[in-house]
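Keep the viewer open as you read.

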Amino acid sequence: KLQCHLPPQMWTNSINQANKMALLAWAKETGISLVQINGQRRYGGPPPGWVGSPPPAGTEVFIGKLPQDVYENVLIPLFQSVGKLYEFRLMMTFSGLNRGFAYAKYSNRRGAKEAIAAFNNFEVREGCAIVVCKSTEKCELSVDGLATSVNRWELEAVLQRVTEGVLSVALYASPCQKRAQLAVLKYSSHQAAAMAKKTLTEGNMRLGGVEMRVDWLNPNLKQKLQSCKEKPSSRRVQGCKCLGVPKQAPLSPVLCNVLDHLNTLCQRQYLGTPLFLTKCIQANPKGWLRFWCQLVIPGCPVPFSGFTWVRQDGPGRSGHEEAKAAVALQVLRMLG
């Protein structure tokens, strides 16, 4: 492992420094509080002085094509100019730049309509026209490629550990993959579902050693699944187009052995199927990658999490798989 490396924040602090300082000055001057959690920075929800229930459906707008160096000190005053904001959420990258999109929720539907009319195709700076439209507020995700050994209760227990707001989990035979299952996950809100999608996607989720595809639940797929609800043993739905799950490069025997050993041990001790979440957060010129890793085992009260350095050696070796193997090895030592 590499011992000498840059502190994680050193290179991020220098990115877009002037606008970051302007944001801090604006927040101090206005007294507005911004809270960053899990890749998004939020104002309100509810805002100071709010009394009563949250606004109804249809009050949120999606804001896209944002310049990545623009922040709330520009966006919140702009969108507040047409109506009272209940909440504003800006999606953020690890470097401190925004991810190019945000959500603004108004106190009523009229505010949302005014925002769409005023700011769709509006230039926040010269040559940078943004997109503003009604938020779809989807609450359901599909997870395709689950191992056939995974059951609904086990999956639900794992999801409640790594995501928030899970309302229900339903399992079906995968319409596009042999010997696999597809799960439909329903969340309490669009925000909860969006954050779950981000966590599961960026975490390179694996359950039972199988790579999965996480996406918003397609209405056509939902209809097909409902039509075959009484046939849970059916392996395949005829006429379904493949969802295009990417094929994973084959793992080395060493990596396979470590992951298989952990799966076997968890099964023997009735701990459930282990779930890996990994995210690459840093790379250096010498080829070393730093990963944040979390391993959730349903039968263990606390997830295993931490950071590890790995090196990607050769075209058939995935940095994510190397990181998972490193975590699995440590956990195997702890479990004996």
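Start at Phe62, which stands opposite Cys133 in strand S8. Helices (H or I, at least four residues) and strands (E, at least two) are DSSP runs here, numbered from the N terminus. A word on the source: this is a predicted model, where local features need pLDDT of at least 70, side-chain atom pairs count only at pLDDT 80 or more, and totals for chains, interfaces and linings use all residues. Residues are numbered from 1 along each chain as its sequence is written, and side-chain values use heavy atoms, with hydrogens and water left out.

S3 (residues 60-64) and S8 (residues 131-134) pair in the antiparallel sense over four bridges; pairing takes at least two bridges between two strands, as found by DSSP. S3 is also joined by five bridges to S5 (residues 98-106), again antiparallel, and there Val61 stands opposite Ala104. Four of the five residues of S3 are buried, so the strand is largely enclosed by the rest of the structure. Buried means under 20% relative accessible area, exposed over 50%, and partly exposed in between (1.4 Å probe, protein chains only).

Now for some rings. The structure holds seven aromatic pairs. One of them is Phe101 with Tyr103: their ring centres are 6.1 Å apart and their planes sit at 90 degrees, so the pair is edge-to-face. For the cut-offs, rings of Phe, Tyr and Trp (its six-membered ring) pair if their centres lie within 6.5 Å; planes under 30 degrees apart count as stacked, over 60 as edge-to-face and the rest as tilted. Tyr103 is buried, at 11% relative accessible area. Elsewhere, ring pairs link Phe79, Phe88, Phe119 and Phe122 into a cluster.

Next, hop over to Thr163, in the loop between helix H5 (152-162) and strand S10 (166-173). Thr163 is buried, with a relative accessible area of 7%. Leaving out residues up to four places away in sequence, Thr163 touches Tyr187, Ala196 and Leu200, where contact means heavy atoms within 4.5 Å. Thr163 and Ala196 are 33 residues apart in sequence, yet 5.4 Å apart in space, C-alpha to C-alpha. The side chain of Thr163 also makes a polar contact with the side chain of Tyr187 (3.1 Å). That term covers a pair of N or O atoms within 3.5 Å; within protein, one must be able to donate a hydrogen and the other to accept it, and residues adjacent in sequence count only if both atoms are side-chain atoms.

Finally, zoom out: the chain has nine helices and 17 strands, and 45% of its 336 residues count as buried.
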